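Reader: I'm new to this one. Could you show me how to read it?

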Amino acid sequence: MYEWILFSSTLLVTIFFLKVVTFPKKVIQLNFKLFFFIGFGLRVLCLFFPPVWEDDWARYLWEGNLIRNWISPYEVAPNFYFSEFLEPLPSEILSKINHPDWTTIYSPFILLYFSLFTYGFSTFFLKVSYLFFESICFAIVPKHKMNFMMLLYWVYPIFIKEVYINLHFEVLLVSFFWIFYTFLKKDNLKLGAGIFGFLVHMKFLTSIYGLLFIPYLRLKNSKQTPAFWIQVVLSLSIGFLLFFGFYLILFPNSNDFGLSNLHHFGETFTFNQFFEPVWKFFFTINLRSIPFFFQFLLLFIYLYLTLKEKNKTKRFFVLCQKHDFYFYFGYFIFTSIPVVNPWYFLTLVPLIVISRSQSILPWILISSLQLSYLTNIRLGFHFQFLYEIPTPILVLEAILSISCIFLYFRRIFILLYKISNISNIALKG
């Protein structure tokens, strides 16, 4: 009952949030302190709620404990301990771990982070560490940059629920994004590259942030020497590899770091592929969102070709940021991977924040993924496997997604039409 009440409350608050997105910017900016304390207060409140329909936290606690006992989670799977006599609390944690026959797929830094903040198998300390770290990174954003969209991120209920109730570590990715983006805005490519490498180290999905580098590189017009670009690449490599090296010092026998496990996981397990019922209706399977992905790429190319020659590349990247292109590019990539977990898409929240469009559509797309929690077992339906989602729920997710995409493409085609008219006028003049 607790899970249903909290899940329903989150959806209701999210619906109110989507209404807030449509408020005039000045309403929120004039009440900055109020919105800040609402977001902070919700985070503090959620520190005391147990996870809702999630079990990843059990692996966080278990693997953090292994590290503290000098055992590498890359080498020993949880089911190794099923025959061991354990104290009641570790035994309870062990019983909640999903895929106990698999060793870990998390990066070395994430594992070391778990080891620092899960002492005593406590979820509370981990949540507090998230709150402290996120607040510090949020505070580095200069006050004059604390715009409407940043405040929306701070009070976004889905983000707060997934992090401070369900303990997903995507908060670390989003927090480091603010540092990464701050360095980019200051044209500090060396440090920005180092933070980007570190982000990719934590989770490969953050590779989507690499698109933000492109406008800053300007290789042809740059006056920077080759040595400068070597330093940028070196900084990126250090950011990515540093904690692999540190982990090898602690556990010299590590040699795979979960990469083969991650590949195998993607090949053998699928979840929330909400486009598949649509393709099956057309007698096709496993296309997922690939057709939309190629359509989006064609729009990218068409938009670029439509722009007039003068400052074409610079104007193109301004439009990409203005019209949520980075977000939608990431959205299509994420929906094409085998496992479409709702918290993965929190990685895209910063790309909405830095956009200038202030559209409600990206927020709806991320929020609608919460429907994947309504599995057959939770709805009391017959099920063949634990994480099975009923087809009507998948179809509903697909309809919401396709509707938002249709509205988005409609906006883009209007944009292309206006650009075409401006180009024609410029040519006549």
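Predicted model: local features only at pLDDT ≥ 70, side-chain atom pairs only at ≥ 80, totals over all residues.

Reader: How many helices and strands are in the protein chain?

Author: Helices (H or I, at least four residues) and strands (E, at least two) are DSSP runs, numbered from the N terminus. The protein chain has 22 helices and zero strands.

Reader: How do I read two packed helices?

Author: You describe them by the angle between their axes and the distance between the axes. Axes are lines fitted to C-alpha atoms, for helices over the stretch in contact, and angles run from 0 to 180 degrees between N-to-C directions. Here, helix 4 (residues 56–68) packs against helix 5 (residues 88–95) at about 130 degrees, with the axes 8 Å apart. So helix 4 is oblique to helix 5 (under 35 degrees is roughly parallel, over 145 roughly antiparallel, 65 to 115 roughly perpendicular, the rest oblique).

Reader: Which residues in helix 4 and helix 5 meet?

Author: Contact means heavy atoms within 4.5 Å. Trp57, Ala58, Leu61 and Trp62 in helix 4 meet Pro90, Ile93 and Leu94 in helix 5.

Reader: Is Val395 buried, exposed or partly exposed?

Author: Buried means under 20% relative accessible area, exposed over 50%, partly exposed in between (1.4 Å probe, protein chains only). Val395 counts as partly exposed because its relative accessibility is 31%.

How values were computed:
Residues numbered from 1 in each chain as written. Heavy atoms only, no water.
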